[in-house]
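Here is a short report on a protein model. Take a look at the structure first, then read on.

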2 protein chains.
Amino acid sequence: MKKLPVLLAISVTAALCGAPASAQFSRPESAIKYRQSGMFLMGQHFSRVAAMANGRVPFDAKVAAENAEVVAFMSKIPWNGYVKEAPGGRAKPNIWTEQAKFKELNEKMMDDAAKLSAAAKTGNLDALKAAVRAADATCTSCHDTFRGS
Amino acid sequence: MKKLPVLLAISVTAALCGAPASAQFSRPESAIKYRQSGMFLMGQHFSRVAAMANGRVPFDAKVAAENAEVVAFMSKIPWNGYVKEAPGGRAKPNIWTEQAKFKELNEKMMDDAAKLSAAAKTGNLDALKAAVRAADATCTSCHDTFRGS
């Protein structure tokens, strides 16, 4: 039977309420790529919603709702990739020394993303704008504290 | 008002049944990164389910169901990233000359992933094994045809 590479087995149980699955990585690079992939996809879909909220593209309630739903799902993904065995990428070391603060912001992002999706489903542009602003502020707050260059 | 970079605006409507959102990319590199991120996340979670189905790690029905649910969601993501304006990465050129075949396999993957999630939710290991085999065969079939080195 073919064996998985297990030079370094990183296994963490889902530490966050709402995280969809426990994370297991065969090597640190996979954990870094995992969280970066999740962040990128969340950002791509968030930017499509934000572009409508900011008036840069015409508001289309259906498209906004579809994209916001992806944001809500993707908001649960990246956090399990921040395992202490895998520093690097743009992750600042204080992620692992200020875990309570980091996790609080992770949870806030998931909460904001769920609210964004709910707001988008109403089809009300003002509600969407408010939800985009709130989520954007949470992104910025976490990036300012925990994301390096 | 800050403007998005729109040197190259790529906008496609969701061409696939089940695709969660239309895709819009400011540049080809973003489309490539988008599909690669989606594929990587789908693969990570699929490998966790497959490891249980193949007996490499102990079967845990809850963990299998959580991971399979992520696979089902992620299976809808990558395809919108294969816009003709963004060749490259591991995408072979025949993706754009054999669109019907490519899309058929995209849809089969989404269908297989949905069945995988449904099978995982039953908690029946034999059902999970069969669903893993089917999805794995679809992955391989598409990669053999449309993925380069």
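## An aromatic cluster

W79(A), Y82(A), F102(A) and F146(A) are linked into a cluster by ring pairs. Rings of Phe, Tyr and Trp (its six-membered ring) pair if their centres lie within 6.5 Å; planes under 30 degrees apart count as stacked, over 60 as edge-to-face, and the rest as tilted. Over all chains, the structure holds 11 aromatic pairs. W79(A) and Y82(A) form a stacked pair, because their ring centres are 6.4 Å apart and their planes stand at 20 degrees. W79(A) is buried, with a relative accessible area of 8%. Y82(A) also counts as buried, at 15%. Here buried means under 20% relative accessible area, exposed means over 50%, and partly exposed is in between (1.4 Å probe, protein chains only).

The rings of W79(A) and F102(A) have their centres 6.3 Å apart and their planes at 80 degrees, so this pair is edge-to-face. The pair links distant parts of the chain: W79(A) is in the loop between α2 and α3 of chain A, F102(A) is in helix α4 of chain A, and they are 23 residues apart. Both W79(A) and F102(A) are buried.

## About the model

This is a predicted model, in which local features need pLDDT of at least 70 and side-chain atom pairs count only at pLDDT 80 or more, while totals for chains, interfaces and linings use all residues. Residues are numbered from 1 along each chain as its sequence is written, chains are lettered from A and ligands numbered from 1 in the order in which they are written, and side-chain values use heavy atoms, leaving out hydrogens and water.

## The layout of chain A

Chain A has 5 helices and 2 strands. From the N terminus on, the order is β-β-α-α-α-α-α. Helices (H or I, at least four residues) and strands (E, at least two) are DSSP runs, numbered from the N terminus. Chain A has 149 residues, and 47% of them count as buried.

Contact means heavy atoms within 4.5 Å. Take the contacts in chain A between residues at least 6 apart in sequence: 71% of them join residues at least 24 apart.

## Helix α5

Helix α5 of chain A covers residues 125-146, which makes 22 residues. From first C-alpha to last, α5(A) reaches 31 Å, close to the 32 Å expected at 1.5 Å a residue. That expected span is 1.5 Å times one less than the number of residues. At the N-terminal end, N124(A) caps α5(A): a side-chain oxygen lies 2.8 Å from the backbone nitrogen of D126(A).

The buried residues of α5(A) include L128(A), A131(A), V132(A), A135(A) and T138(A). Which helices do the buried residues of α5(A) pack against? They pack against α1 (28-53), α2 (61-74), α3 (94-97) and α4 (99-122) of chain A.

D112(A) is found in helix α4 of chain A. Is D112(A) buried or exposed? D112(A) is buried, with a relative accessible area of 5%. Leaving aside neighbours within four places in sequence, D112(A) is in contact with A134(A), A135(A) and T138(A). A polar contact of 2.4 Å joins the side chains of D112(A) and T138(A). A polar contact is a pair of N or O atoms within 3.5 Å; within protein, one must be able to donate a hydrogen and the other to accept it, and residues adjacent in sequence count only if both atoms are side-chain atoms.

N94(A) lies in helix α3 of chain A. At 15% relative accessibility, N94(A) counts as buried. Apart from neighbours within four places in sequence, N94(A) is in contact with T145(A) and F146(A).

## The nonpolar core

A nonpolar core is a set of buried Ala, Val, Leu, Ile, Met, Phe, Trp, Tyr and Cys residues joined through side-chain atoms within 4.5 Å. The largest one has 84 residues, and M74(A), L116(A), M74(B) and L116(B) touch the most other members. Helices α1, α2, α4 and α5 of chain A, together with α1 (28-53), α2 (61-74), α4 (99-122) and α5 (125-146) of chain B, each supply at least two residues of this core.

Not counting residues up to four places away in sequence, L116(A) touches F46(A), V49(A), A68(A), V71(A), L128(A), A131(A) and V132(A).
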